[in-house]
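Subject: Structure handover, ligand site and cavity

Hello,

Here is the structure for your files. My notes on the ligand site and the voids follow below it.

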Amino acid sequence: MLYHFYIQSKKLSSVLRSVKTLAKPAGARGYSSESVPDRKVAVLGAAGGIGQPLALLMKLNPLVSRLALYDIANTPGVAADVGHINTRSEVAGYMGNDQLGQALEDSDVVIIPAGVPRKPGMTRDDLFNINAGIVKDLCSAIAKYCPNAIVNMISNPVNSTVPIAAEVFKKAGTYNEKKLFGVTTLDVVRAKTFYAGKANVNVPVVGGHAGITILPLFSQATPKANLADEDIKALTKRTQDGGTEVVENFIE
Ligand SMILES: NC(=O)c1ccc[n+]([C@@H]2O[C@H](COP(=O)([O-])OP(=O)(O)OC[C@H]3O[C@@H](n4cnc5c(N)ncnc54)[C@H](O)[C@@H]3O)[C@@H](O)[C@H]2O)c1
Ligand SMILES: O=C(O)C[C@H](O)C(=O)O
């Protein structure tokens with residue numbers, strides 16, 4: 001899991017750099033004594049299984065200057081813990097709906113792993129009823145407190161939570177298609193690992209983040225391997241079922 005978020009964190013670095021051009025004029029709110037500008041990242045669902053390692057990785061990211069960790073429980077402890085890491089960013093914990101606005105205010109990037117994860121035997125769609133409501137409420141707050149932020153949706157089912165976020169932002173008049181992302185980097189990482197199991201390969205993955213909507217393009221992979229059709233089918237299936245492979249191996 002940590003490895004996956006390392007990759008996502010690397011991708012996030014380019015998102016954080018692009019914040020400069022997307023969200024504000026260059027140099028705005030920069031520290032006078034530093035060349036690195038002020039960038040606030042908020043993690044919603046920061047005390048969870050994904051939120052905690054993600055908070056750690058954001059704390060290690062030199063592009064982040066302020067890190068807001070929000071959850072409905074346990075964020076004071078998580079924020080104290082992560083705050084002990086001796087990197088540049090200031091960490092603050094926020095807990096409960098009353099503190100959501102403060103957590104989001106001035107955020108350049110919001111990352112959302114809030115909600116329920118699936119258990120063995122469940123599909124991501126089985127999470128819809130609970131997570132749709134959570135995501136809707138969080139996105140309404142984003143539209144109010146940081147309407148210009150880049151939003152990265154991790155909460156499943158990503159294929160549905162991203163459209164929910166889009167509709168909330170459209171209704172609020174804050175929707176920007178260039179600033180709303182579903183985090184599907186795991187699919188790319190899995191495709192690369194199953195293709196070659198090592199660095200320096202590239203496998204494009206298009207589509208969504210569930211079952212057959214995950215479409216790794218092994219025919220376009222580099223370096224080229226001239227795989228047989230059966231091998232491509234098997235690699236595609238393993239990539240599509242990667243999340244299930246992880247979930248089935250977690251025992252309560
Ligand atoms: N997109 C991806 O690649 C990817 C990868 C892994 C997990 N996920 C999804 O991320 C979500 C979280 O997974 P997890 O393993 O961290 O679950 P978890 O249960 O360990 O953590 C979820 C956290 O969300 C918090 N939460 C619940 N309601 C909230 C609300 N209204 N506001 C703020 N926080 C709230 C909980 O208190 C908890 O700390 C799941 O939906 C899971 O399927 C997506
Ligand atoms: O599969 C899940 O439920 C979690 C995540 O979407 C994953 O792909 O690992």
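A cavity is a set of points, on a 1 Å grid over the protein atoms alone, where a 1.4 Å probe fits but cannot get out. Grid points are joined across faces, edges and corners, and a volume is the space filled by probe spheres set on the points. The structure holds one cavity of 30 Å³ or more.

This is a predicted model, in which local features need pLDDT of at least 70 and side-chain atom pairs count only at pLDDT 80 or more, while totals for chains, interfaces and linings use all residues. Residues are numbered from 1 along each chain as its sequence is written, chains are lettered from A and ligands numbered from 1 in the order in which they are written, and side-chain values use heavy atoms, with hydrogens and water left out.

Cavity

The largest cavity has a volume of about 70 Å³. Its lining (residues with an atom within 4 Å of a point) consists of Ile142, Pro147, Ala149, Val151, Phe169, Thr174, Asn176 and Lys179.

Pocket

A pocket is an open set of grid points with protein on both sides within 12 Å along at least five of seven lines. The largest pocket has a volume of about 1,200 Å³. It is lined by 46 residues, and Ile50, Pro113, Gly115, Val116 and Pro117 are the closest to its centre. Helix 5 gives the most to this lining, with five residues; helices here are DSSP runs of H or I with at least four residues, and strands are runs of E with at least two, numbered from the N terminus.

Ligand 1

Ligand 1 sits in the largest pocket, in the sense that more than half of its atoms lie within 2 Å of the pocket's grid points. The elements that give two or more residues to the shell around ligand 1 are strand 2 (66–71) and helix 5 (128–145). Helix 5 gives the most here too, with three residues. In total, 24 residues surround the ligand (a heavy atom within 4 Å), and the closest are Gly49, Ile50, Asp71, Val116 and Asn156.

- A side-chain N or O atom of Asp71 is 2.6 Å from an oxygen atom of ligand 1.
- A polar backbone atom of Val183 is 3.0 Å from a nitrogen atom of the ligand.
- A backbone N or O atom of Ile154 lies 3.1 Å from a ligand nitrogen.

Regards

Notes. Polar contact = N/O pair within 3.5 Å; in protein donor to acceptor, adjacent residues only side chain to side chain.
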